[in-house]
Structure formats: structure tokens, C-alpha cells
Amino acid sequence: MMDNFTPGQPAGEAGSAVEAHSDDEAGTAVEMQFRDELFAAGVPEHLHDWLAGYGIGALVVKMGIRFLEMSPERTVATMPVEGNTQVAGILHGGAHVVLAETLGSFAAGMHAGPSRQALGIEVGATHHRAVASGTVTGTCTAIHLGRTLTTHEIVMTDEQGRRLSTARITNLIRDIGA
């Protein structure tokens, strides 16, 4: 159960594109692919070395999530409503949760540091208001940054600053390979 952004665990683990090719050029090409992905997603350059071998995850790319700010204490990103709607034409409730879990997990991973990993163990959301167009912004704020657990609150707002949903995620922090 590994996420693409967990430090020390290359994307795909065994049999990944990095391991499937024995020469350094293939590994460099994969890392360059992820570097382009990181730039496109707005990931700050100081985090590129950490994420160069992992990327941000296919779902994050598909959802169109773009990071504006990233730290363990506060992580902010936007996501388009278009392409992430349910049959009624409003932003899918699951899209709210994907944005929330993405922000909380990245923040927890940064808190964990390079020798530890963050694993989501609980996420929940309350939906307050629907949105049918535009862009939503998720703002993730640390509630608790401990040695073995982190908890973050994530608030999604519309372009007018109205609260759309509130989520909370708890991540377990453990040593890599434990």
C-alpha cells in the first residue's frame, strides 16, 4: 500500500520503468518525465529532488490538481470543476475527497521526511455547498504534527471564497520498510 509520493519508494516499486532498464539514461528519462509533471503541477522546485523519482500520481494529474503552496503546516492547491463532475453537473463529492486526501497526504509526507513515510488511515468530508463551474481551492492546515500521526483539516472553497466542503485526514507516520 504505497502512494506515488512516498519518499524512498519509487513509482511502481519492483518492475518499474526505472528498474526495467539497466542503463542510467532510462532512469534519467523517467526522472525528467516526472520533473516535467512536477513543474506542470506547480510543485515548488525545492521539492523536486524528493519527488523526481515518483511524480505526483496519475490521479492527481487526471483531476487537474495544481499546487500553489506546499509545507507540512499548510498546503494549497486548485482543481477545475470541469471534468470532475457527477451526473447532475456539479463537482463530484469524491473529487472533493481526492483533493483533500492529496493535500493532507503530501503535507504529512513532507512532515515525515525522507526516511519515513505517511500512510493515510482515515479521511472524512462534509459537503456544504455545490459548485457547477470554475475552480475550487483546497487549503490544508495542520491540526497535529506528531511523531507517529498527523491530522490535517482541508477546506475547499469556490472562486468567491465560499466554503464548499470540509475534510479531515489522519496519516500514520512510520519508518520506510517497517
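**Reading the features in turn**

Reply: The structure holds four salt bridges. The model is predicted, and that applies to every feature discussed here.

Me: What is the general idea behind a salt bridge, and where is one in this structure?

Reply: Side chains of opposite charge can pair when their charged atoms come close. Here, Asp175 and Arg116 meet through their side chains in a salt bridge, at 3.0 Å from N to O. Asp175 belongs to strand S6 (residues 163-175) and Arg116 to strand S3 (residues 116-127), so the pair ties together parts that are 59 residues apart in sequence.

Me: Is Asp175 buried or partly exposed, and what about Arg116, buried or exposed?

Reply: Asp175 is partly exposed, its relative accessible area being 43%. Arg116 is buried, with a value of 17%. The cut-off needed for this step is that a residue counts as buried under 20%.

Me: Which residue forms a salt bridge with Glu69?

Reply: Arg74 does, and the closest N and O atoms of the two are 2.8 Å apart. Arg74 is partly exposed at 37% relative accessible area, and Glu69 also counts as partly exposed, at 33%.

Me: Which residue meets Arg162 in a salt bridge?

Reply: The side chain of Asp158 meets that of Arg162, with 2.7 Å from N to O. Asp158 counts as buried, at 5% relative accessibility, whereas Arg162 counts as partly exposed, at 38%.

Me: Let us turn to the whole chain. How many helices and strands does it have?

Reply: The chain has five helices and six strands. To read their order, start from the N terminus: the elements run α-α-α-α-β-β-α-β-β-β-β.

Me: How much of the chain is buried?

Reply: Buried residues account for 45% of the 178 residues in the chain. The accessible surface comes to about 8800 Å², and 52% of that area belongs to carbon and sulfur atoms.

Me: How do I read the contacts of the chain by their distance in sequence?

Reply: Take the contacts between residues at least 6 apart in sequence; 61% of these join residues at least 24 apart.

Me: Now a single helix. What should I look at in H5?

Reply: Begin with the general geometry. An α-helix has 3.6 residues a turn, so residues three or four places apart point the same way. H5 has 20 residues and spans 28 Å from its first C-alpha to its last, close to the 28 Å expected at 1.5 Å a residue. Next look at cover: H5 is mostly covered, with 14 of its 20 residues buried.

Me: Which residues is His96 in contact with, leaving aside its neighbours within four places in sequence?

Reply: His96, which is found in helix H5, is in contact with Leu91, His127, Met156, Leu164 and Ser165 once those neighbours are left aside. His96 is buried, with a relative accessible area of 4%.

Me: How do I read aromatic pairs?

Reply: Two rings pair if their centres lie within 6.5 Å, and planes over 60 degrees apart count as edge-to-face. By this rule there is one aromatic pair. Phe67 and Phe106 form this pair, edge-to-face, at 5.1 Å centre to centre and 65° between the planes. Phe67 lies in strand S1 (residues 66-70) and Phe106 in helix H5 (residues 93-112), so the pair ties together parts that are 39 residues apart in sequence. Both Phe67 and Phe106 are buried.

Me: Which residues form a nonpolar patch on the surface?

Reply: Ile121, Leu149 and Leu172 form the patch, and together they have about 230 Å² of accessible area. One of these, Leu149, is in strand S5 (residues 149-157) and is partly exposed, with a relative accessible area of 34%.

Me: And loops? Where is Gly53?

Reply: Gly53 sits in the loop between helix H3 (48-51) and helix H4 (58-63).

Technical notes:
Residues are numbered from 1 along each chain as its sequence is written. This is a predicted model: local features need pLDDT of at least 70, side-chain atom pairs count only at pLDDT 80 or more; totals for chains, interfaces and linings use all residues. Side-chain values use heavy atoms; hydrogens and water are left out. Rings of Phe, Tyr and Trp (its six-membered ring) pair if their centres lie within 6.5 Å; planes under 30 degrees apart count as stacked, over 60 as edge-to-face and the rest as tilted. Helices (H or I, at least four residues) and strands (E, at least two) are DSSP runs, numbered from the N terminus. Buried means under 20% relative accessible area, exposed over 50%, partly exposed in between (1.4 Å probe, protein chains only). Patches are made of residues with over 30% relative accessible area and no salt bridge: like charges are joined within 9 Å, nonpolar side chains (Val, Leu, Ile, Met, Phe, Trp, Tyr) within 5 Å. Accessible areas come from the Shrake-Rupley method with a 1.4 Å probe; for residues, only the protein chains shown count as cover. Contact means heavy atoms within 4.5 Å. The expected span of a helix is 1.5 Å times one less than its number of residues.
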